[in-house]
Amino acid sequence: MSEHVPLSTLTTLRLGGPARWLAECTTTDTLVEAVRLLDAARVPTLVLAGGSNLVIGDAGFDGVVVRIATTGIEAGEDTVRAEAGAVWDDVVALTVKSGLGGLECLSGIPGSTGATPVQNVGAYGVEVGSVLRAVRLLDRTSGDVRWVGPGELGLGYRTSVLKHSDDALVLEVDLAVRPDGASAPLGYRELASALHAEEGERRPAAEVREQVLALRRGKGMVLDPGDLDTWSAGSFFTNPVLSDDELSRVLAVVEERVGPDVRIPRFLADGGTKLSAGWLIERAGFGKGFPGPDAPVRLSTKHTLALTNRGSATTADLVALAREVRDGVQDAFGVRLEPEPVTVGCVI
């Protein structure tokens, strides 16, 4: 157990004040035991692993931070099972190296495996929910450990019943993969075009993985300590999903603001039509690198959907910029963007 550990060292944003105490758990058994004991004693507890989708306030956390450092990964013929603390991209890389397909579109996403079903992470037309077989959970209300299927998780666009709740803790994840080594059907136009393929086509998983990593690097979305554009929480806002009535109103506003010949990117989604948050941000006046080179927090110079720490920022700086962007989009188009990261000790 360590005392007064700066949480900025445990998040990809490199922001956050100190933890009163930090306990690191390298096995699932010690993780379960530690969380059960802390919960029984009603000690304020924050559980984290990769820290890639997390914004922690400058005051830190006045309690015990439990860091999940379990790393086991096991690949079978058509499945891969990984402990919650395993680096997600290590899981994807192992499946590709083992001649298995299905996860390659999720290459390069930072963070831990245990966070993937919580957030229902997705990229390039694939979501974790589409390949998830089961999740092993610690029920923090009863102390029981059990495997549950995806149907119990309320999976949705970048959400699940596990998000914004401390009732259950992911211990292990079981994912379905393709034994033939072929990728998932290419469902994202940008990726298919980069591969000179048709949408719906399958390609070797290794080929798709390399192209996904190249596309993500070009947007500053693959972690690199020397690239401040990657000192972020990834995409900071979710793409808004609008009903038909809301869509008609917003499209009219867009036409009035940017002209009838400019088409906003939009995609069919559960519950309506998904709009591009990055497009809305840029058209609302927040370009790449906003507000400028001297700002401690800026939009990425490669990707307007990422808020980045330029090396001397505070969480207060980040929150201020997030609010400015969110409110600016609301004023310009009448669309309220919702932050994607989990927040601790701060409100956006």
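**Strands and helices: worked exercises**

In strand E5, Cys25 has Ile68 as its bridge partner. This is a predicted model, where local features need pLDDT of at least 70, side-chain atom pairs count only at pLDDT 80 or more, and totals for chains, interfaces and linings use all residues. Residues are numbered from 1 along each chain as its sequence is written, and side-chain values use heavy atoms, with hydrogens and water left out.

**Exercise 1.** Work out in which sense E2 pairs with E5.

*Solution.* Start with the terms: strands are DSSP runs (E, at least two residues), helices are too (H or I, at least four), and both are numbered from the N terminus. Two strands pair if DSSP finds at least two bridges between them. Next, look at E2 and E5 (residues 61–68): they pair in the parallel sense over six bridges. Now compare E1 (residues 2–6) and E2 (residues 18–25), which pair in the antiparallel sense over four bridges. There, Val5 has Ala19 as its bridge partner in E2.

**Exercise 2.** Find out how the buried residues of H6 are arranged around its axis.

*Solution.* First, list them: Leu247, Val250 and Val254 are buried (under 20% relative accessible area; exposed is over 50%, partly exposed in between; 1.4 Å probe, protein chains only). They cover an arc (of the directions from the helix axis to the C-beta atoms) of only 70 degrees, so they sit on the same side of H6. Finally, step past the end: just after H6, Gly259 has a positive phi of about 105 degrees.
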